[in-house]
Structure formats: C-alpha cells, structure tokens
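Let's take a friendly walk through a protein structure by way of its aromatic rings. Please have a look at the sequence and the model first.

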Amino acid sequence: MRKLLLTFAMSMLVCLTIQAQNRTVTGRVVDETGQPLPQATVLEKGTSNGTSTDTDGRFSLQVSQSGSTLIFRFLGYTSLEEVVGNRTTINITMQPEVTNAGEVVVVGYGTQKAEAVTGSVGVLDASKIEQVPMTSFEQSLQGNIAGLQSTGIDGAPGANQQIRIRGIGSITASSEPLYVIDGIPVQSGDVTQLNSNGNRSGNVMASINPNDIESVSVLKDAASTAIYGSRGANGVILITTKSGKSGSAQIDLSTLVGFNSVASNNLLQPLNADQYTQLFIEGYTNDGVSLAQAQQNLTDRFSQLTDPLTGQRTDTNWLDAVTRTGMTQSYNLSARGGTPKMTYFFSGSYFNQESHIIGSDFERLSGRVNLTFKANDNISFSNNLSVGSFDQNGMVDGSAWANPLYNAYLLSPLIPIRDEQGRFNAEHRNYYPMGGNNPVGALSGDDLRLTQQLRVTDNFAMTIKFADDFTFRSQYNFDVITVDETQYKNRRYGDGRNIGGFAQVSTLLDRNLVTTQTLQYGKTFGGVHNLDALVGYEAQSSNRNTTYGFGQEFPNDKLKNLASAAASYDASATKTEYTFASLFGRVNYDYDGKYFASASLRRDGSSRFGADNRYGTFYSVGAGWTLSEESFLEDVSFLDFAKLRTSYGVTGNAAIGNFPSVGLYGYGQDYDGTPGGGPTQIANPDLTWEQSKSFNVGLDFEMFGRLSGTIEYFNRESEDLLLNVPISRTTGFTSLLQNFGDMKNEGMELTLNYQIVNNSDFTLDFGFNITSLDNTLTRLNEPFNSGTKRREEGRDFQSYYLYGWAGVDQSNGDPLWYTDETETETTNNVNNAVRYFQDKSATPDFFGGFNINATYKDFTLTTQFNYSSGNYIYDANGRFIHGDGRLTPRSTTVWAFENRWTPGSTNALLPLHDWGDRKGGQTANSTRYLMDATYLRLRNVTLAYSFDESVLSFLNVRSLRAYVRGTNLWTITKDKDLFLDPEQAINGVAGGLTPAIKTVSLGVDIGF
C-alpha cells in the first residue's frame, strides 16, 4: 500500500513539474506603427516548435520550459529574441530592417513580402504621386518604373495616357494594362463618344484623386499577372488607396497653385503679315501669274486688310491669340485615425487646371471614405467608397479644320480676330479651305465642347478568420461611370455656319459589378516551412448604355441646348454588355526565407467568345533563391542581399470588344417608310483567345550598404493575335476579325538606387532605370500595310514603310524621292518612287528615367527625368502645315518660309512654293515628315523646406512644409528640327495634338 501511494505521489509530482514547465504563451506582434504583422514566425529557440501570427498579429504557442527563448521573425524586419521567464503574455513591436528587400508589396488578391516575390513587380509610393500638378496618376508613372512606357498622347488637361508594359502585345485587341483599385478591376482609358479625338482626349481615370493613393504596384510578368488570367496579358496596375490607422486623428491639408505654359521650347511660329504677303505673291508668280495679277489676287482675297479694332494694317498672330498662361490649383484635405476596433480615412479634393490653350480646362471634385471595422478577433469589415466628378472643356484636334493649333499656322495673318462690330470675325467664312474658322471666338464661348463625368466606386468586404490558419474574404464591388457630352457649333463661322449652327449631345452609363470570394490558408511548419495558399471565384458583369442626339438651325448663339434646335433632329441609342466568370488559385511556399516557389492557375470564361472557345486556362510558375543566405557567400562582406528569381506563365487577352465572334444584324435601315435591317458583322465561331507566354529571370541585390538594384531579362511571346483582316468586298464587308499572327517582345531592365552621401545634415542619392526593347512579328499569315507602317513577319511591329525623301533639287526647287531602297537614284515624280522599309521604328531602343534627391538639414531637393531613345515620330500634319503652296491661301510657318527654295538656294530644305503645289512635294507617307524622337525631359523638380519643431510648436501643428515645383520644366531633343512635343502616341504618329503642359507651382502642406 505504501509503495502504491509512493508511486502515485511521484507520478503527481512529475505531472505537476511537467505542467509547470509546459506553458502556453500568447501575445501579439505589430510593426513600428502598431499595425499587426500577419504570418510572422514565432519559434522556440533550439527546437522545431513554432507557429505563425494570424491576420491580427496574434499567436499562441506552448513552450517546454520557463527558460525558453522565443525568436520572432518577419521578412524585412529585424529578428527579436525574448526569454519567456514567468510570462504567459508577450507582446512584440518589430522594427524594419534597413533593406529594400523587406518591403511588403501589393500583389494580385493580397500582399506579399517583397523578399518572397518570385515575379516582377515595380512599386511607386505616394510621395511620387501626391500634389503633382497633373490630372491623373498615370502621368506620374512615366520614367519611374522599369519596363513601363508611358506617354501623354494629348497634352490637354484630363486627356488619355497610353501605357505599355514590356512592349505592344496585340495588333487589334487592346495593349493597355488592367487597372485594379482596392481589388476592383475597373474601366480605364477613353470612353467618350463625341469629344474623344480618336480615343485620345478623354480619360475616366482622371476622376481619381492621386492624393488618395497609398501605392501603385505594376505587375509585369506572368508570375504576377497570371492570377488575373485573360486580363493580365498586358500587365496589371494595382492601385491601393490610403487607409486609416489606429490612434488620434491626423488631419492633412495640401495646397498648390501653379502657372502653365507649353513644355516644348521648340514649337513652330506662324508667319507675320509681311512674310505671308511675300509668300502669297511668290506662290502665284512661281505658277506663271504676273506680279501685278498676283498682287490683285491678294487684294481680292482679303477684304479686311485694315484691322477694324486698331485701324492699322491687319497682322494677326493666331498662335499668340489662342495661347495663354494658364493656372493650376489643387486643394486636398484628409483625415485618418481610429481605434483598435475601427479605423477611417476621409478625403476631399478640388483640382482645376487651365491649359495653355484658351478655352481648354479641367475641373475636378472628389471625395473618399475608407472604413474598417473589427467586430471581434475573427471577423472584420471594410468599405472603400470614392466619388469623383469632373468638367472638361476641350477642343477638336488632329487635322480637323477647327483645331486651334492647326488654325494658328494655316489662317492668314491678314484676317483680323474681330469685325467692325467687335464680334469675333466671320467675314472670312468662305476662306477656302479653312471653313471660316475663328479659333479665338470658338474657344472663347461661341462654341462649346464640354465633357462631364461622374464616377462612383465602392468596395465592400467581409473577412472571417477561422481554425487559426484559414481566412475567408467576401468582396462586392461596383464601378459606375456616367458621361455627358455636349458640342455646339455657332451659326456665323466654322463648321456650323451653313446650317444655322448645330448641337450634338451624347450620354453614357457604364456599370461594372464584380464579386470575389477567396479562401486563404497560411501556415508555418517547423518554424521554417511557410505555406500560403489561395483559392477564389470571381464574377464580373459589365454593361453600357449610350444615347445620341443632333439638331441644327438655332435661333441665336445664346441658346446652345439641343432643345432649341429647329430642324433635322436625329437620335439613336445603344446597349452592350459582357460577363466574366473565373476560378483561380495560387500557392506560395518558402523555406526559411531562403528558397521560394509559387504557382497560380486561373480558368476564365468570357461572353466575348463563341461557345466552343468561351473558356481559357492560364497559369504561371515561379521560383526564387536568396543567394545571400547561403554559407558560400557569408564571407562576401560587401554583399548585403542577393536573390535570384525566375518565372514562366501563360496569360490571355480578351480586350476585343463585345460579340466579335458572332454574326450581328443592325436595324433602322428603313426603306420607303418600312423598317428594315441587315447584317453588320460576319460570324467567326473559331475566334479564340490571344495568349501571352512570358519568361522572366531577375536578380535583386543590395551591396556596400548603399547600392541596391534589379536586373531582369524578359521574353514575352504573344500568340493568336487578333486582326481585322481585309476580305473580298463581294461578301458585303471589308474585314473579318481573325486570329492572324504571333509577336515577341524581348528585352532587359535595369534599376539602380545608390545612396551617395548619408549623414545627419546632408544626404544625396541617385536612382536610375533603363529598359531595352526588341519587338518582332514572328508569324503573320499575310503582310499588310497600315498607315505609315507595314506589318510583315520578321519585322518590328512599328516599322515605318515610306517613300524615301531625297530633299530638294537645288537647281530648280523640285521635290526629290529615292526610286528604291538602295537610295542611289532620285526622281522628281513620286509616281516613279516606291515605298520601302526605312530601318526605323516607333519602338524605342531604350527608355527609362533617373532621379537625383538631396536633403540638407530642413531642405529637400528632388528631381526626376525621363527619356526615350531610338524611336521615330511621323508628323501626320506636316504635309498640310508645310504644303509647298498646296491649297493656298493657307499660311505656313516661319521655319518653312526660311527654308524654302528660292532662286540661288544651295541648301534649301523645302521645295519651291508654288500655288497648288503641282509637284506633289507634300505626298503622304514620306520620310520628309519622319523625325528622330529621342529626348530627355526634366519631368519634375521640387525644392521643399520643412519647418522645425520650434515653429511647429508655436503654430500648434504636426508638420509644415513649403515647396516650389517645376513640372516638364526642361526638354531637349536630339533632332534640332523636331518642332513637335516629343511625347506622342505609342504608334509614333503625331496627329496635331495639344503639346504637354509645363507648370511652375508653389505649395504648402500642413499637418494637424
């Protein structure tokens, strides 16, 4: 009995001892700002016993003894060790390591530690976007991210921005990236109907306040984009807006006022009255008319040789008259804060920008409310609501007669701006071929070209954490856009002069609804095996309604509404829609922060394709290896971090419009009062997805404690490209959309950041990125011409195919062309010349940007340059503006006047000026209008002063910063005769668009 009692007592003692030694430790891991760190590793030192934190940063771990030490690890943060002792609760605040590799970046459907990313992701933070005097954030991407080519195809306020990520990926389908805001795939680009100027002058993204953006992630390769499947072929731009933070309210007020002018310093100038008179008479005499008759022709042509307002000889500078110094104003007020249960971010913004062209401006009001609410440790809610509205007054551009910059060179200086009654002049309404346009009057209010947009986006999400390692997220989003457009052309001059004035209106309602359900699993095994898996379902429904109305014959020009029209009413309406349904999954694995692997799979269904090809499957695989963690590099003292990564994957392109695979019928084709219809599109049930196969390999590195960078090679092959292929007109149609070819984009990217000086009073750092790009059409069923280009297998997609301009015959002023590509013989008859490849392309050999930033005590200087080299621009309007007398009495430019051929010339650049230009020197598709577009531009320079603590305390504010900023301040071009703004459309065709805006601004930022 005693032995039994003794045995029982000993057993109880052992159990009590074990219980005393084994204890459960709980706690929370947060960053330096108090935000939780999910998936942080908690490991008992010397054992494989470990766990990871949940989405709220909380953990629970049973340790073996009171003397245990816990190791806390999170990529990008300095590891910590804590002795447990007698504690059962341990809360940890981790500090970031001084390394770029430790950042957390936004990726598709979540975030990922930068060190664990196997794909290619470029990141731009808020400091590069806030209070930049530009209408949309895309303009700030230019030159800041390797592999991303951005160009402002129209310099008017609120205009569209073209973005290409690692080259052009399609022929007919869109090559624009997918935009995702807080998880919502959103509409981007130009959706206007009347005022688009060929999809150039409108931009739905301009309704977004750039000051609301926290960061932008640019996903470039398949490992990062394949999770978006059929919409990721051209890259993905993820925009994350600002959120609240637990703590007292922080209120920020940002103000900016700037002055706008033309960015390019090399624009053409119009002729004055003396130059025009000389050229007019010369054009007639060169055509065989006597000098007296030529002079009489001038007198007969212009009835207002005396300006009625000045009483002096008419000498109008139309360029000066339509340009001005515009103003930019930006005011932004925001507040953020919250409690552990609820956080908030509120913002309101007003932005107004006047172009350097009169009558062209952009005014935006926007507001945002981002809320998060934590019901308990496992359930949370968030809602991000944004409302943006803008009014955009624009102008017609391109080669339209009403284009004010076209008018500025082509209207004679012998035409006054106003008539005897002080009205905008209309006496020249029969001035062929300019249609009696008066750009000053049209832009001053006689005409109207207004676009009004309202955009509302909302993102509601519920997140549920369960079973420690699982997170379910249910997200519902909508993006609603309404656009109202109005045009009015007055009764006295311009396009409305012969029909009593006319008005057009157009409305658009675009609704995009998306629901996303995801389930995520995250677990750390043995303290070194980190697994993160995601599965999801997403459904999207988009529909668009448009209406259009037209009327003419207005009683007066004060009544511009369509309801005031007296005749020729016309109206129409359209409706279109499409849907997506997708299943997707992703797995990320890493071993001890050293070896990484990732894979994603997405199955997309799209209503845009026929029943047999409605679904597509897209995937990616990626791997990474942190070389600097290996023992064979531990003695390399200068190397702080090195990671090798590679990926391969297949994505798709469905940006082809709605119903392209089916036969369509159109109605409203009435006959003799009886309604009728007919086919409008041939069916192609075999139409299938474009696919993009991408390979990427990159090296991320940090060394010497101050140099970091990335070097990458990419190869992107696009297959089954869609093209509107010409077909026999006997079918009743001219083209049919088909899968017609393949294309390859190959290149290198290099990004470097170097901290030159870093001490307490002075810092200086330098950043640089460059991208080389080689584009090739690898398969094309049949070559074809497309404007200035010829698409041919083995060639760059953007290869120019033009007549070879050989200059001017200095003996008689005739225009000359090369007879063939050998360029050994010339002819003065273009009919004896042929078009041929010029070994020149609109694709740049390389492009990128660099920045130099310095601080000295409380002063900060930041600069950012962007550049492009090796690409060429074709000036489509050059043959009209410099027409060698074609369609005289149009005027021309000072440059043309000074460089034309005259008897005795030996180095003339332009032919003899002959009324009617019967020599055809202005023939289109000629290298005469092809120019090297290589340029360097100072995109942004800012000098700021941050007031010190003594001033802040006196004013009772948290922060105060004042600055002066220059935007597009300085531009240099390689071609001295490039009189265009070097930023033109990706296709290299300059179509008479508004040059970019240069702004000098002053700003003050105050934090309360």
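This is a predicted model: local features need pLDDT of at least 70, side-chain atom pairs count only at pLDDT 80 or more; totals for chains, interfaces and linings use all residues.

A search of the whole structure turns up 36 aromatic pairs. A pair of aromatic rings is described by the distance of the centres and the angle of the planes.

Start with tyrosine 488 and phenylalanine 554. Their ring centres are 5.1 Å apart and their planes stand at 85°, so this pair is edge-to-face, since an angle over 60 degrees counts as such. Where do the two residues sit along the chain? Tyrosine 488 belongs to strand E23 (residues 470–489), while phenylalanine 554 is in the loop between strand E25 (529–552) and strand E26 (567–591), so the pair ties together parts that are 66 residues apart in sequence. Tyrosine 488 is buried, with a relative accessible area of 0%, and phenylalanine 554 is buried too, at 4%.

Next, look at phenylalanine 618 and tryptophan 689. With centres 5.6 Å apart and planes at 70°, these rings are also edge-to-face. This pair links distant parts of the chain, 71 residues apart: phenylalanine 618 is in strand E28 (residues 615–626), and tryptophan 689 is in the loop between strand E31 (677–681) and strand E32 (690–703). Phenylalanine 618 counts as buried at 0% relative accessibility, as does tryptophan 689 at 4%.

Rings can gather in groups as well: Tyr276, Phe280, Tyr284, Phe302 and Trp915 form one aromatic cluster.

Finally, turn to the charges. The charged end of arginine 608 sits over the ring of tyrosine 578, 3.9 Å from its centre. Over the ring of phenylalanine 797 sits the charged end of arginine 791, 3.9 Å from the ring centre.

Note on methods:
Residues are numbered from 1 along each chain as its sequence is written. Side-chain values use heavy atoms; hydrogens and water are left out. Rings of Phe, Tyr and Trp (its six-membered ring) pair if their centres lie within 6.5 Å; planes under 30 degrees apart count as stacked, over 60 as edge-to-face and the rest as tilted. Helices (H or I, at least four residues) and strands (E, at least two) are DSSP runs, numbered from the N terminus. Buried means under 20% relative accessible area, exposed over 50%, partly exposed in between (1.4 Å probe, protein chains only). A charge sits over a ring if NZ of Lys or CZ of Arg is within 6 Å of the ring centre and within 35 degrees of the ring normal.
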